[in-house]
Amino acid sequence: MNLDRSFAWRISAAYAAFIVASLAALIFLLREAPPDQDVADLTVQKEQETRLAASLAAPLLADRTRPPDLEALHELGKTLHKWLGSEVVIITLSGEGVANSNREHSLEGAGDSSYDFSSDYDLLQARLGDVATSRRLTFHADYSEFLYTAAPIASQGDVVGVLRLKTPIYEPGLGIGGPSIWFAAWGLAAGLLALAAIWLVARRARRPYGSLHAIADASERLAQGHFERRLPAESHQDTRPFTEAFNRMADTVGSAINDLSSERDTLSAVLDTMADGVVVTDPAGRVNLLNPAARDLLNIRTQAVEGQGLMELVRDNELHQVIAACQEEKSRQQAEVSLILPLRYLSAIATPLENNGGVLLTLHDLTRMRQVETSQKEFVSNVSHELRNPMASIKAMVETLESGAVADRRVALDFLARMRGDVDRINALVDDLLELSRMESGQFTIEAEPLSLAPVVRAVSKQFSQQAEARQVNIVADLDESLPLVMADGEKLTQIFVNLVENSLKFTPANGSISIRARAEDGHVQVQLRDTGIGVPPQHLPHLFERFYKVDRSRRDSGTGLGLAIVKQLVEAHGGRISVESREGEGCAFTFTVPRAG
């Protein structure tokens, strides 16, 4: 963009118009004839121009099955007349003149001009395929001589018409007379005056134009993203308001861009760290945005997802129905969907985006809540079952004793022993519930003291020896006596081993084994209890230490799902950590740590 020409020349338009008018008047008054021409050179030139013009007209006459396009031929004739300075005539093989550059309109006199090829030598030669030239004199108001040049219009080797140029041949002029000299001097003076005025205006405007150039350049750089660009304050007084306005605009735009960048970074950080999944799709269902939580919840492993269809990435009909309903009804839709692989329960909320017709999909993971609800229901069911059975047994035995069996000492003693066992089971269940409640409420303390692990493990092994022998399970305690002492509450540590061994015994079949090993590490002692039981399916491992959680849904065991939850609380209360590894059908390995003494 040249500001000097777009602005400075506009200012000096009056001066330019004055000089043009003056020179035009001078040319009209002088009317000097053009210089003499070299006819031989002109002939060669016009023959070449005629060939070129004929090649341009050929496409318009190539199709003989249709009438020629008179409008296009007329426009071509006028254009060639402007280029070549000669009258242009286009003639068909029938002798009809279909274009004449001297006519104002294409249809003016169309069809009433005919040419006889046999009487015009140059036309006949062109009809035969050659370029011909002739000179002719005309006598009207004055003497005139013209050069006629004709060339064939050929299409695919066949002559389809003839194009002829009529060019005037000028004679030497008579020169400039005395009065013309005064007009020439007047015109020259006017021209010089106008040029001087234009030069003064351009010089006066040069400095502000330089400032305008700087503003234009800075605006272009601002459009390209260089928001730090500013203009110096020492500009020309005529352009200083523009410079100051540009700097204010640049400050405002830069501040707005910085605010938007900050908000974008904040939003990006929120989306990346939030637990809920966020998906934005366009009207065609292609993904525009997908945060990490959504990628994890929907189990999308493809890295580049932008531009891909959500239906291709997630094969879940319920989810796509929520999105489709949102787009169709243009309203917020909410539903709970379940995904199969992996099993997840999601709350899906689809919100229409009015700006682009897309959909904002937010996903909240309900899996944990559903598991807790299921665990609580199972816990109530298990506890009810565990309480109902001994209570029903106690009631039945009491009724039997009341009906007369109390007189039979042997039967009475047997019933009392069974009733004591049932009461012990109820007490154990209540004790577990109370203990877990104290742990979770913070009313639990550990009285740690230095002690050796080996005696604790041997005592627990002996406690379960008869039960293990009955189940044909071998308990192996492989603890080195040289192990360092640990800081632990002996009673609570025993409870940890009791719960773990009892849990392993429940799920270890006959001819299986339970091994207990320990080794010293930096700052703690690591204990591992491994069994050869039925193992735990992978989907249950993350929830194994949760309260009320039971892997065996069929209640083959008599537990309530509290044992491992209590173990975890006790280990963490000692400052240790517990984990589990398992393969289905190959058993489990529980590993926990206890701080070393000293």
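**Close-up views of a predicted model**

**View 1. Pairing of Ser-347 with strand β10.** Ser-347 has His-364 as its bridge partner in β10. The model shown here and in the following views is predicted. Strand β9, spanning residues 344–352, runs antiparallel to β10, and seven bridges join the two.

**View 2. The hairpin of β9 and β10.** Six residues lie between the strands of this hairpin. Gly-357 adopts a positive phi near 80° in the hairpin.

**View 3. Pairing of strand β6 with strand β10.** Strand β10 (residues 359–365) also pairs with strand β6 (residues 277–281), in the antiparallel sense and over five bridges. Val-279 finds its bridge partner within β10 in Leu-361.

View 4. Helix α12 covers residues 409–441 and includes Asp-422. Asp-422 counts as buried because its relative accessibility is 10%, and the cut-off for burial is under 20%. When residues up to four places away in sequence are not counted, Asp-422 touches Pro-390, Ser-393, Ile-394 and Met-397.

View 5. Lys-506 belongs to helix α15, formed by residues 490–507. With a relative accessibility of 31%, Lys-506 counts as partly exposed, a class that lies between the limits of 20% and 50%. Gly-533 is 27 residues from Lys-506 along the chain, and the C-alpha atoms of the two residues are separated by 8.5 Å.

Terms used: Residues numbered from 1 in each chain as written. Predicted model: local features only at pLDDT ≥ 70, side-chain atom pairs only at ≥ 80, totals over all residues. Heavy atoms only, no water. Helix = DSSP H or I, 4+ residues; strand = E, 2+ residues; numbered from the N terminus. Buried < 20%, exposed > 50% of the residue type's maximum accessible area, 1.4 Å probe, protein only. Contact = heavy atoms within 4.5 Å. Pairing = 2+ DSSP bridges.
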